[in-house]
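Student: Could you walk me through some side-chain packing in this one? I'm new to it, so please go slowly.

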Amino acid sequence: MSKSRVLIVGAGLAGTATAIRLLRFARRPLEVVLLEKRPDYRSAGVAYHREGNPWDHVFNIQAGRMSLFREDVLDFVRWANSEADRRGWPARWAEHEFVEQGPAPRRIFQDYLTERLAEARREACPGVVLVEADGEAVDMNVRSAGVDVTVRRPSVGGLGAGPGPEPALLSVLSADHVVLATGLELREPPFAAEVLTHPSFVRNPFSEAGVRKLETLPSEATVAIVGSVLSAYDSAGLLLRQGHTGRIHLISRTGTVFRTYPAGHEHRVLRLPCPSALLEPYRNREEFVARVWSEWEAACSTVAREHPGVHPSVIAERVAKAWEPYLPEVVERIPSAELRGLLDEFSTAIAAFRVGAVEYTMAVIERAMRPADGPVKLVVGAVERVTPVASGRLVVSVATAERRRSIEADLVVSHFGREWDYSRVGRPLWRNLLRKGIAVPHERTGRGLEVDAQGTLLGPDGEPAGPISAVGVPREGDELVRNGRTGAFAFNLAAIKNQSIAVAARVVAELELLEDGPAQDMDQFRCDVGELGEAARGGFEEAVLLEVRRLATRTRRERELLDSRVDACIRAIGGRPALPGPPGLPGLPKEAFRRERLMRVVVNRAAVGRLTDVSVTPLQLRRQLGLANEPGTADAEDPRD
């Protein structure tokens, strides 16, 4: 190949975010291939594609938290107000002025991602190109200098490495690095085996067909919605906003109800002490849950007392966020089997503590649930079976605490959720990767895959399986045990922002080093910033701050200027510190050049660490990094934290 190639499998949110970062970060010729099997999911995925999101589906969180760029927190709001093409929008949104704390329709996010990807492509350095290819990755083989990916496709524009039998629609695409951004995997509901194809059963409510069934349902129909996660509120809210009067049963195993964010709610990060009782040895489930609850109540009381400005409805969210840095040490004490059981049992409750929903979504649900005779009823129990009856309706059998109950419905909507155990996923790609040991299910949690701290897939021996990284959902288990991020926060937009930065920066840095000479063992060059005291006095800190600005800058011209300044700082550092070099390897660049290249890697990693710091809010981050009013980033800094 004439230039390095990175193949991203999946062009939804995670894949698009990673592609944008690669296009921005690459300083040398690079081909970024963005492979997607469903064209309607491109720059959207299942969560944001237009066909599966009618205009009444809004983001669960505030519009001001939906920027793709953590370093530019209001980018989405600015785009929606001043750049978005509103032709074809319904009147209520066409005239709407979006604000940081307010709602926004989910379907416009696809336009936002599409336009930001196009901008990154235009502003990429010479020789850095984006190829958007249609097809499904079904297999991979790791070779000495990269990965061969088997693609089932209608066409990938002649990118295949071999001719391949066209009738089989298979080709092989070679890449120096692969990024897996495959998104959510659909979980098969065990209770619905008899009705999966029944016209009164909606398996995927975020599909075009699922939305059509909800929108065309008679207003007096009886509906059973399985699950009470936030996505279930979307289905109930859609029905209610179009005037539905029939009974809507929200069936929840735990009875969890999500909170409504107060007006003017802003994301903040509190500093709370470690819940020390949770660091005691694990004894059993009941004793541990009791300790968690005791520490939780104490922490919530502390926030209410010491932070009176925090609205009562978001105290739980503040505590859950503040505990994240402590959770890895807590989780380490729990045996794997027990940990898996706790996650299965409390996953919905954890999600409800960690996040709420905007008033636009919740108000219509709450109004419908409040009166005793309201149309929405919460049914607490486990769905055992859904069966058809002669009338064409479906009967949902629910085991409640008191008795078994049967609910007959005209439509059953399943929000049963995603499959987090990759050993159960039926897609050819995952079956093949697991069979070959290229991917391994996460042992501690049973959720996602085994990866290292940088998101590189690990094989059965715990070593990197090859130049293959993951972004988003496949890292769920690792995010919990390594970073304390729970539930969907292990793979939501906030997590993907940081993962895409770190993966793209690492891939670009390693490809550059490989181009400069033979493959090196990168571990011997790893350097903690704390060990660079002499370098800091010689310009290291200045180089890091300039690199932060370069990584955050959208325009090519400004990035190239900052790149030159970073290189000048590194040259000024000179020979300090004395970085270890592998002796006796022929053909390497001269020592001074090699030290400069490796110092550039150290500077880049330090900058990435600053840019992905989750101990502060994005607005605080901008101020700390000196990004306010920087050309090519945001227009201005918000004065609030």
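Student: Where does the charged end of arginine 24 sit?

Tutor: The charged end of arginine 24 sits over the ring of phenylalanine 69, 4.3 Å from the ring centre; a charge sits over a ring if NZ of Lys or CZ of Arg is within 6 Å of the ring centre and within 35 degrees of the ring normal. Please keep in mind that this is a predicted model, in which local features need pLDDT of at least 70 and side-chain atom pairs count only at pLDDT 80 or more, while totals for chains, interfaces and linings use all residues. Residues are numbered from 1 along each chain as its sequence is written, and side-chain values use heavy atoms, with hydrogens and water left out.

Student: And which ring does the charged end of arginine 187 sit over?

Tutor: That one is the ring of tryptophan 420, with the charged end of arginine 187 placed 4.7 Å from its centre.

Student: OK, ring pairs now. How many aromatic pairs does a search of the whole structure find?

Tutor: The search finds 18 aromatic pairs, where rings of Phe, Tyr and Trp (its six-membered ring) pair if their centres lie within 6.5 Å, and planes under 30 degrees apart count as stacked, over 60 as edge-to-face and the rest as tilted. One of them joins tyrosine 48 and phenylalanine 59, an edge-to-face pair at 6.1 Å centre to centre with 65 degrees between the planes.

Student: Are tyrosine 48 and phenylalanine 59 buried or exposed?

Tutor: Tyrosine 48 counts as buried because its relative accessibility is 12%, and phenylalanine 59 counts as buried at 2%; buried means under 20% relative accessible area, exposed over 50%, and partly exposed in between (1.4 Å probe, protein chains only).

Student: Which residues do ring pairs link into a cluster?

Tutor: Ring pairs link Tyr48, Phe59, Phe76, Trp79, Phe109 and Tyr112.

Student: What does phenylalanine 76 contact, then?

Tutor: Leaving aside neighbours within four places in sequence, phenylalanine 76 is in contact (heavy atoms within 4.5 Å) with residues including Phe59, Met66, Phe109 and Tyr112.

Student: Switching topic: is glutamate 419 buried or exposed?

Tutor: Glutamate 419 is buried, with a relative accessible area of 7%, and a polar atom of its side chain lies 3.0 Å from the backbone nitrogen of aspartate 421.

Student: Which residues does glutamate 419 touch?

Tutor: Not counting residues up to four places away in sequence, glutamate 419 touches Glu185, Leu186, Arg187, Arg424 and Val425.

Conventions: Polar contact = N/O pair within 3.5 Å; in protein donor to acceptor, adjacent residues only side chain to side chain.
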